[in-house]
Amino acid sequence: MALAGGGLRVPCRRLRRGEGSRRRWALQGMHAFYRFCSTGAAFESINKPVIDRIIRVDHAGEYGANRIYAGQMAVLGRTSVGPVIRHMWDQEKEHLKKFNDLMVSYRVRPTVLLPFWNVTGFVLGAGTALLGKKGAMACTVAVEESISHHYNNQIRKLMEEDPEKYKELLEIIKKFRDEELEHHDIGLEHDAELAPAYSVLKNAIQIGCKAAIFLSERI
């Protein structure tokens, strides 16, 4: 190992059979230099704890959103609003795929709560869809508003850290934030606010979203 650019340089080499399961990557302090064999990407002096939390919680959020739309499609997939839900779900699938890739690139472990979000996301999606199109769209508005707000907080954090260093990640988060806002607006256009007890339903869902974000960042 040699010092380069003020950080730790980890040489990249092909692993022998079975070696990968035994090898552990040592994190020498908060800021380090990484070169990953799987992607060839270089990350110099990144704030690893901050990036770990961002990618872990965003992966969990997109996973949960996928399960919500899966639940909605299970109930409303054959109705007139089915194609609208399908469009939003397809975008969420792309978001999840990207965060799956980022977790590999940055060596981030997923939250241990994924099995829980798997079930609760689907139940939330299907349960609100059983209230009809307006109920499903109210859920979409509540969730996407929470996610876009969370993405904005992450954007501010990365801008404070170093906008050039985290340029690629910032571009990804901004793009996904804009698409979540698009979903939010679609929900409003499809009468989300006319759902039964809209304000109560929206507030309850957003409280759950805040709890999910808090836990997924840390566990």
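Predicted model: local features only at pLDDT ≥ 70, side-chain atom pairs only at ≥ 80, totals over all residues.
**Entry 1**

By class I get 4 nonpolar, 1 polar and 2 charged residues around the largest cavity. Its space comes to about 40 Å³. I then searched the whole structure for cavities of 30 Å³ or more, and the search turned up 1.

**Entry 2: the largest pocket**

Next I looked at the pockets. The largest pocket holds about 450 Å³ of space. I find 23 residues lining the largest pocket, and those nearest its centre are Gly64, Ile68, Gly208, Cys209 and Ala212.

H1 gives the most, with 8 residues. Sorted by class, the lining of the largest pocket has 14 nonpolar, 7 polar and 2 charged residues.

**Entry 3: the second largest pocket**

For the second largest pocket I have about 190 Å³ of space. I listed Glu145, Ser146, His149, His150, Asn153, Asn203, Gln206, Ile207, Lys210 and Ile213 as its lining. H4 and H6 each put at least two residues into the lining of the second largest pocket.

**Entry 4: H1 against H2**

I turned to how H1 packs against other helices. H1 and H2 (residues 82-105) have their axes 9 Å apart and pack at an angle of about 155°. That angle makes H1 roughly antiparallel to H2. I noted a left-handed crossing where H1 passes H2. The contact of H1 with H2 is made up of 14 nonpolar, 6 polar and 5 charged residues.

**Entry 5: H1 against H6**

How do H1 and H6 pack? I get axes 8 Å apart and an angle of about 130°. H1 and H6 are therefore oblique to each other. Their crossing is right-handed. On the H1 side I wrote down Arg53, Arg56, Val57 and Ala60, and on the H6 side Ile213, Ser216, Glu217 and Arg218. By class the contact of H1 with H6 has 3 nonpolar, 1 polar and 4 charged residues.

**Entry 6: H1 against H3**

Last, I checked H1 and H3. Their axes come within 7 Å and cross at roughly 35°. This crossing is right-handed. From H1 the contact takes in His59, Ala60, Tyr63, Gly64, Arg67, Ile68, Ala70, Gly71, Gln72, Ala74, Val75 and Leu76. From H3 I listed Leu114, Trp117, Asn118, Gly121, Phe122, Leu124, Gly125, Ala126, Thr128 and Ala129. The contact of H1 with H3 sorts into 13 nonpolar, 8 polar and 1 charged residues.

Notes. Residues numbered from 1 in each chain as written. Heavy atoms only, no water. 1 Å grid on protein atoms, 1.4 Å probe; cavity = no way out; pocket = protein on both sides within 12 Å on 5 of 7 lines; lining within 4 Å. Points joined across faces, edges and corners; volume = space filled by probe spheres on them. Helix = DSSP H or I, 4+ residues; strand = E, 2+ residues; numbered from the N terminus. Nonpolar A, V, L, I, M, F, W, Y, C, P; charged D, E, K, R; others polar. Axes fitted to C-alpha atoms, helices over the stretch in contact; angles between N-to-C directions. Parallel < 35°, antiparallel > 145°, perpendicular 65-115°, else oblique. Left-handed = near helix turned anticlockwise from the far one by under 90°. Contact = heavy atoms within 4.5 Å.
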